[in-house]
Amino acid sequence: MGRKLDPAGKARRGPGRKARKQRGAEQELRRFLPPDPEDSPRKLSSHVRRRAAKRRIKSARLPAGKTTLALRESAAPGESLPKGAKKQAALQDGRLGGFSDISTWLTPSSAEKRPRPKESEQDAFSGSEELEGPRESDGEDGSDDGMVDDYGALSSGDEEELLPIEQAAQKQKEQDMSEEESEEEEEEEEPRKHDEAQETDLQLNVEAGERFLLPSGQEVEKEAAEPPDLQLIHQRIKDNIEVLQDFGTKREEGRSRQEYLTLLRQDLAAYYSYSDFLIGKVMELFSLSELVDFLESNEVSRPVTLRTNTLKTRRRDLAQALINRGVNLDPLGKWSKTGLVVYDSSVPIGATPEYLAGQYMLQGASSLLPVMALAPQENERILDMCCAPGGKTSYIAQLMKNTGLILANDSNEERLRSVVGNLHRLGVTNTVVSHCDGRQFPKVLGGFDRVLLDAPCSGTGVISKDPTIKANKDEKDILRCAHLQKELILSAIDSVNAASETGGYIVYCTCSVMVEENEWVVDYALKKRNVRLVPTGLDFGKEGFARFRERRFHPSLKSTRRFYPHTHNMDGFFVAKLKKFSNAIPKVPQDEEPTEEPGVPSAREESAPVAAAVPLSTGGKQEERLQGVKKQAAKRGFSALTAAKTELRGESKVKKQKKRVLVVQRGSFQAQSRLAKASWSSPGGRRTQAVSSRQRRAPQSCP
């Protein structure tokens, strides 16, 4: 069945018969090859080239431990060394190297001819094949420089197996690689030069002593006339902060700290595009070490986070499903059992089948904290006063396992549409959506167990989401938001039932870092309502301010929590938890009037026998008691005196009115009495008066 494979057979090397007959290829390839300086008139066949290759290979495989010089000494006087070994022996003798002192090779050779080696001895090196045609003499050194391949190119030791076209391609490739390396080196040198130039430019304000100097008035005017150099400003900010951190040793003589702070404020506002008001507020809030970190963190967006909807799935199953879709994610942290953070995704994270099925909700990490602080329980009545867009409301329903009742309220009717859509998608069934002003909510409905108030604010904690806040907010906006927040927190407290068995809690939160919108509002609520601050239950976060600059707040405000983007890698947030212990609204104490004059006795002093009954000749304790009683009596007397004064004023007014009425009545009565006396002065006087009146009227009636 066919020919058998001969394992001893060897594949032929070199061009075949048809290739040898194609003489035109030699002429075509000459155009691509460099001209040969020494063109040999004779050419070698393929057999000669193969035998030469074999000789080189065999000469390279000499017995280990025997050098060419040893072979030469051991050889018989009539024998000759192999051609490859002759060259190596010449190199070792120094005939080709030029560094040996042996000069015997310079003597002319003898005229006697060397005997021809026997075929048996020559077969080990040169083989028994006969040369085809006459062959050029290789010389005494046995070099093969005269061999030419089929295409007329000289064959070297390294390139004897490469075709001429391959040799040309290799040379061209080496040239291309050398050009590419030179270009890469030039490209690497250009950025280095550019960086060096930038470093020299950035060190303009640094003197030989490496001390930062404030710019002069002319430099300030020049900078104001030209476009801002951000690199120079950035370097100046760093140097300025270094000086302020060690102001005693690095400051410039004759310069105050306020001048450095003013320059830093201007540079920060120019570099980060903040308004002068807002950058001033930020500088008051953070130290110099945290100031730049906070501003830099607002320039970077926060990582995308999502919350697992445990009403429909588990976090492990959701994570596996999203990973299979090409989403790179990790658990949010040990503090959250439902959060996931997404690093990158090959699919739109807000349009996956899992999202449309309501298995998760795109929600910031900081938005999970207020609901965790609220800690809703099953079968409770809970109010979310500002619920849009529904992330916190759905999280409350998730923790309540769709039991109890949630009232989701918002004053913006258009935003309630997103609330309804998210609640339907997430499968929430225990929520009622309402549209009402939160400030009037206690008049509508009350008696809730817990209330969550995510109050509208200036948004200074989410600048990374809305960079327009940097320049749009001013002091009026902050105060307007603070006033609205004070009204809302009082309304939220009034909506809670203090007698609730499981609740009576209010959680107040904002996405702002301003003290006017956070600690100031909570401190106002502590004064106006019967509430107290309790721990939020959050293990991380910074404490709230109990004192800030000239303001002093209630000491319990340390239990509130602040979250910053540069510290916790989440949006800036504030969380406070209040406990209501009485439904009664405390009366606001009236401002005390100025004290009485020293000579006027109070009305209470007469009716204060306790103070008079205490003897004056008593010990120290009795004197303290006496002073306390006197103070109480004075306060009571002062209040009684003011009441007596108001009563006297009222009585005086009434008396004046009565006097006026009496005067009018007396005037009319006196006139009547005068007429009566005139008529009854003598007997018959009344009749005569009547007759006289008739006589007076008679001429008027008839002429």
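Begin with the entire protein chain of this predicted model. Of contacts between residues at least 6 apart in sequence, 70% join residues at least 24 apart. A cartoon view displays 26 helices and 15 strands. Buried residues account for 33% of the 703 residues. Switching to a surface view, one sees an accessible area of about 46,100 Å², with 51% of it belonging to carbon and sulfur atoms.

**Helix α11**

Next, select residues 257–272, which form helix α11. Show the side chains of Tyr260, Leu263, Leu264, Asp267, Leu268, Ala269 and Tyr272, which are buried in α11. Which elements cover these buried residues of α11? The cover includes α9 (230–245), α10 (247–250), α12 (276–285), α13 (288–297) and α20 (469–472). Just after the helix, Ser273 adopts a positive phi of about 65°.

**Aromatic rings**

The chain contains ten aromatic pairs. One of them joins Phe441 and Phe448 in a tilted arrangement, with 6.3 Å centre to centre and 40° between the planes. Phe441 counts as buried because its relative accessibility is 2%, and Phe448 counts as buried at 1%.

Two lysines deserve a separate selection. Lys486 lies over the face of Tyr524, at 5.1 Å from the ring centre. Lys577 lies over the face of Tyr505, at 4.7 Å from the ring centre.

**Annotated positions**

Finally, select the residues that the unreviewed UniProt entry annotates as "binding site": Cys386, Cys387, Ala388, Pro389, Gly390, Gly391, Lys392, Asp410, Asp437 and Asp454.

Centre the view on Pro389, in the loop between β5 (381–384) and α17 (391–400). Is Pro389 buried or partly exposed? Its relative accessible area is 42%, so Pro389 is partly exposed. Leaving aside neighbours within four places in sequence, Pro389 is in contact with Arg415, Ser418, Val419 and Asn422.

Proceed to Asp410, located in strand β6 (residues 405–410). Asp410 is buried, because its relative accessible area of 6% falls under the 20% limit. With neighbours within four places in sequence again left aside, the contacts of Asp410 include Cys386, Cys387 and Ala388, which also belong to the annotated set. Met385, Leu416, Ser434, His435 and Cys436 are likewise in contact with Asp410.

Notes:
Residues are numbered from 1 along each chain as its sequence is written. This is a predicted model: local features need pLDDT of at least 70, side-chain atom pairs count only at pLDDT 80 or more; totals for chains, interfaces and linings use all residues. Side-chain values use heavy atoms; hydrogens and water are left out. Helices (H or I, at least four residues) and strands (E, at least two) are DSSP runs, numbered from the N terminus. Buried means under 20% relative accessible area, exposed over 50%, partly exposed in between (1.4 Å probe, protein chains only). Contact means heavy atoms within 4.5 Å. Accessible areas come from the Shrake-Rupley method with a 1.4 Å probe; for residues, only the protein chains shown count as cover. The expected span of a helix is 1.5 Å times one less than its number of residues. Rings of Phe, Tyr and Trp (its six-membered ring) pair if their centres lie within 6.5 Å; planes under 30 degrees apart count as stacked, over 60 as edge-to-face and the rest as tilted. A charge sits over a ring if NZ of Lys or CZ of Arg is within 6 Å of the ring centre and within 35 degrees of the ring normal. UniProt positions are given in the numbering used here, feature names are shortened, and annotations may be inferred rather than shown by experiment.
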